[in-house]
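Student: I'd like to learn how to read a structure like this one. Could you walk me through it?
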Amino acid sequence: MFRAPVWLVFIAGLFMASAFFIPVDPFPMMQTWALKWDVIVSAFALVVGIDSLVMHHIRRVQRRQNVLYSGTLLVGFWVTIAWGAFAWWRYGGPFATQSTFLWLFRYIVVPMDATMFSLLAFFIASAAYRAFRARNFSSSLLLLSAGIVMLGRVPFGDWAAAPIFTAFALLLAFYFLRVFRQYEGWGRGIRLVVGIAFLAVGIVLLWPVWLNGQIFPAFRFVVHHIQGLAGWIMEVPQMAARRGIDLGISLGSLAFALRVLVGIERGYMR
Amino acid sequence: MRFLYILTTIDRRIIYALVFLATALPFLFKKSPDVQITPEVERVYRFIDRLPAGSRIVISADYGPSSMPEIQPMLYAICKHAFTKGHKVYLLTHWTYQGLIAGQDGIMSAVRDFNREIKEGKHPERTDTLIEGVDYVSWGFRPGGMAVMLLMNSDIRMAFSRDVRGILLDSLPAMQGFRNLRDLGTVENPKGILIGLEAGFTGDVWVVYGQAQGRWPMALGSTAVVTPSYYTYLEAGQIIGILGGLKGAAEYEQLAGFKGQASIGMLSQSIVHILVVVLIFLGNLGFFLARRK
Amino acid sequence: MNIWELIGIWLAAILTFAVFSFLYRDNPVYKWAEHLFVGVSAAIGVYATLDQAVVPAVREALAFPGVFKLVTWLAVVLGALILFKLEIFATYLPNLTFLSRYPIAFVTGMGVGLTLVNVVNGYLFPQTQATFLPLFNIQGANWLTILNNWIIVLGVVFALMYFFFSAQYKGRLGMVLRVGITFLMVAFGAMFGYTVMARLSLLIGRIYFLLHDWLHLI
Amino acid sequence: MEGFFAILILNQAPELVPPQNLMVGVRSDGYWILWEPSPTDSLITRYEVFRDGQFIGRAGIGKYEFVDKGVSGPHTYFVRAVGGSRYLKEVEIWGMRLPLLFWKEEGYAETKPITIAPLPGFTASYEWQGFGFGGYRLEWGFRPQGFVEVLRKGAVIVTLPPGTQSYTDPSATLGQADYTVRDVNSGMEIKPNIRARWFAVHFRGVKVSWNQVDQGFTLMRSSETREQDMKTVDRTPPEPIAQIKPGESTFTDRGASGEIAALLRSRSPMSTYRYYLVSEDGSRVFFSEPVRPQPFNFMKLPVLIFDILFACVFFGFLFAAKQGKRMFIRKIAGLEELDNAVGRSTEMGRPIVYVPGIGTIADIETIASLTILKHVAKKAAEYETVVIMPNFDPMVTAAAKEVIKEAYTEAGRPDLYNEDNVFYVASQQFAFAGAVSGLIVREKPGATFLIGYYAAESLVIAEAGYSVGAIQVAGTASVLQTPFFLAACDYVLIGEEEYAASAYLSHNALQMATLKAEDVFKATFVSFIVLFSLLVSLGVSFIFLS
């Protein structure tokens, strides 16, 4: 009862839920208070967090372990704190418009934050290269839709799409026609048919026939429609699947919230 | 087949280097392709272009440093276009000190570049350089969000009494005759426009509370992630256009007749996207051909 | 350009390269930059919380009349309980650490309570309603609209059924699982492809900073 | 410069015109006197407001309103415009001779007086309808070039702007669906696609009623909304909404329904509406009692009903499980691997890293993550493996310390618990991501668990784990990050599997039962989607929550 205040979770939860339905005072007012309480409690929690961070690194310095790095962290922290206090006294607020405190933010936090964020561009490329292999049917779909959406979103992507798709189709045709003999029964037949189908796609794409006065009609078709196809994937199948997952998540979180509220689930507490 | 096996195990550092080069090289060559102009960007451009000289462009910079690469080029391009047409630019933010820094950086670099161009004689119609308080004003940040917008609809000075330098708005030439946002006129009879550069929900509040009451002309510029949610306002006729992500900025730059960060960035975008797809292809090539049954 | 701005831009450029160096491998420069970043941003976080959250909240709360001031002080007492988690208390008063669970329980409860209503109000109902699409018999609609509606309805249904925990998908029913995973994979691929552009914009921004602001090459 | 002053001096004793459209409204702090500027506004120096013939205050240049605070009951007001010519005079200040502008008060112009009074029996109340017909929704496939007219039984009921493709007729009667849509430009007429709309709860508007009057009146409405911050009040002045013919005594304000519905849908702003009857000559104003929100927001009734139903099924399965009913739950791949990952890490003699993401303790995902943490920590304690846990949120840090300590105690190894391994890093998203990836690269864990709420930093952390060859188990309910985890991690909990995890891992019959309850609702939703899609195809649409 006192050691694990599950009852407090229950009361706070029930109150917040009921305030949702009741639009007259004092409920909206109390809800506003509760949100303010959250702010105040978080502020105290920050003290605990800072304590944890600073003590962690002081101990490392004491153990003569990572002295340079942990020292940098501690010096950076305390200089910033002092600077902020000075700015508060001098400019009436650390983030006042003339405050020199913003220098730290502008030239340390912003570039570090943005550069860290931009690392994702590299990681996305290497993760895509490594993980997007057509191992089976579903991973082929993952790869295909990622490729179409990627190429459909940038200028020139449409022009690059057609040769890449042609090459992919021919590659798959070559693969299936090479390996089908190693299988038996149905597997053999299916692989043969799929291989021939891919070969046909590749040939159609490269067929240099004049149609409506244009050479490579199928090739051009891909070029002109890749953008629309990317948009369609985002708006139709992507949206559908995402909605399905999200509905599941909503129900899951509802059941989980109820488990927490009534105290069946108390692993987070003790 | 050994060669093909290598294709499946390209070291990640090589990929990183390729991505870095593909992004950086277009900047050094300063070449950039023309992008296809979408109507929603063109409408914003035409609107600002046709405003009578001396009109007011109010920009609300509601984004932080993490969205700067996408939105900063829009701010830069719009400011530069406005200065070329002789309009006055007003800047505010709802995103605390983050928006303040982002907005200030954007407008200051536009002013710096424009002043340099004036000195080089590229704008013969202008005799003197841009002056803060005359050609542009930075109102800064005031907490309150929606309340600030509502206040600005009735009186700007109630929301911002001083600019970021601490000077009373009443003493700035650019603020003469600019009492509230209704002084921006209407879409039919415009005397200015409000442009919200958004990375979050502030844009919705601007449209739903600010524009819906004041009925002044408004446009939005936003990161690619939030852009789709703004199309409803375009369909409802509440905003005149949208600049979506880096591509929107590139389109605006192209319309305004210069190649900036966004235009060159679009070439980098294309090259890296194609690079990633080609890498995926090479990986699969090796994977299929080097694989024994 | 004043001297502070110059120092700032050089510092920013050095930090940028320090982070990029992590791509090659972990190294002392990155380690140093990372620790500096954590230290500075933690301190800035302290001031951001004070300036943006605590001061306004306390000021507003104290503006409430009479008895209601007491409510604010109650919050302060509740918040202060979490201080028992400070290492000094954890070492010397380990028996009282359980008191720090009270503020945690309160905030958890708030989150749980809001979930119970907001998920239904903001998600379940609107999204389900949006999925009620006509599957046939639409005047003036072309075949593409009808096809799209079919795909959306089937996609939602199969994606949802993929997460059935009590059904054992074997034999014929295994098909449900396969169709579900098909939709999920198409969606995940599309999301991946869609995000590349935004992430690249950030890299472009950094390179622009290096070439424009730092080196003045463009 | 001389010319500039000359223009001003040219203004000679003018003819003043009184202000226009004087109106008095009611607000919480008194009466609100509003008027529109006089056509000769440029000559006017100030407006003076009079109550019952007494001067009570003034409004300066550019202000066309005045609040008479703290009054009630019947009163008569009028506004007087004071104006005159301007002249320039040189004044000596501190030895400097400055030309200054002066005004000569010469003219006055008064409005007609207006009387405001409460009207007994003038009331207004919300009109709700549970499960009702909400009108017909019309849709047409083509995109009209000109204005669009919607005709009901041959009569035009509304004209819509060009490009409109749908319209909902709220005043329709059930069973009379004879509609035509006409494009004014081309004169083309088509039959639209018609769908009846049914509401679970329908808010029809505000019903206003008064004692019968023998004169024509204009009905007006004003509103006051208090925002969530408890201080900002947004007021709209009285606006005309309808003309009342003699003899009428009720009116349903459907125009308010959209506005009020929007307010009720948003969380809980406090709004007060007031109605006015203004006589045709504008000399008398009667106001109603304020319409206040009702103690229960009926708009959200479906939410309450759903929550109660959900709770009933939930507890039903709970009791069934208590009675000893066995329930089947299928295997969830990622969860089976949790224990193996800890085991493999132990074999390699490396620590494990658990990252709870960037959620706060109020996020339900983080709570779910902490319950999984307990399981992982317990297993780690059994294998005597170190758990390192960097944190984003200080409150999560505090909670996680408790959880791990408790898990070690339950596993019988409280001696292994080291406070220093659970620490707070930073609340800046990428400071956290950078520090965690640095930590992973240096500690070289055998297994990493990335479970909780993640945003863009997901891939930064996951790549670091990949580069040291750790077995990675990831789980997040933020769908956008799932593909990145799929690309870089070995096992991924997709979507709600993260929520199901704690119940599944506990191997506790009670908790498993709740998963069953969830499945019942999933099945219900699937059947609802299919059923209602068919109904929509047949021309009926149903709105749970408008």
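Student: Which strands of chain D does helix α4 (residues 333-348) lie across?

Tutor: Before that, some ground rules. This is a predicted model, where local features need pLDDT of at least 70 and side-chain atom pairs count only at pLDDT 80 or more, while totals for chains, interfaces and linings use all residues. Residues are numbered from 1 along each chain as its sequence is written, chains are lettered from A and ligands numbered from 1 in the order in which they are written, and side-chain values use heavy atoms, with hydrogens and water left out. Now your helix: α4 of chain D lies across β23 (352-357), β26 (447-453), β27 (471-476) and β28 of chain D. Helix α4(D) runs at about 140° to β26(D). Axes here are lines fitted to C-alpha atoms, for helices over the stretch in contact (heavy atoms within 4.5 Å), and angles run from 0 to 180 degrees between N-to-C directions.

Student: What is the strand order in that open sheet of chain D?

Tutor: Strands of a sheet pair through backbone hydrogen bonds, either parallel or antiparallel. In chain D, the six strands run β25-β24-β23-β26-β27-β28, with parallel pairing. Strands are DSSP runs (E, at least two residues), helices are too (H or I, at least four), and both are numbered from the N terminus. Two strands pair if DSSP finds at least two bridges between them.

Student: Why is one side of β25(D) and of β28(D) left without a neighbour in the sheet?

Tutor: β25 (422-424) and β28 (491-494) of chain D stand at the edges with a single partner strand each, so one side of each has no neighbour in the sheet. Ignoring direction, neighbouring strands are turned by 15° against each other on average. For β25(D), the pairing with β24 (residues 387-391) of chain D is parallel, over three bridges, and Met389(D) stands opposite Val422(D).

Student: Where in chain D can I see an antiparallel pair?

Tutor: Look at β12 (residues 148-152) and β13 (residues 155-160) of chain D, which pair in the antiparallel sense over five bridges. Val150(D) has Val158(D) as its bridge partner. There are two residues between the strands of this hairpin, and Lys153(D) takes a positive phi near 50°.

Student: Over to chain B. What is the order of its six-strand sheet?

Tutor: The open sheet of chain B reads β3-β2-β1-β4-β5-β6, with parallel pairing. Its edges are β3 (136-141) and β6 (242-244) of chain B; each has a single partner strand, so one side of each lacks a neighbour in the sheet. The twist averages 15° from one strand to the next. Strand β2 (residues 88-93) of chain B pairs with β3(B) in the parallel sense over five bridges, and Val89(B) has Tyr136(B) as bridge partner.

Student: Which strands does helix α3 (residues 39-50) of chain B touch?

Tutor: Helix α3(B) packs on the sheet against β1 (56-62), β4 (192-198), β5 (218-222) and β6 of chain B, and makes about 125° with the direction of β6(B). Another helix, α8 (residues 202-214) of chain B, lies across β1, β2, β4 and β5 of chain B and runs at about 170° to β5(B).

Student: How much of each chain is buried?

Tutor: Buried means under 20% relative accessible area, with exposed over 50% and partly exposed in between (1.4 Å probe, protein chains only). In chain B, 61% of the 293 residues are buried; in chain D, 55% of the 546 residues are.
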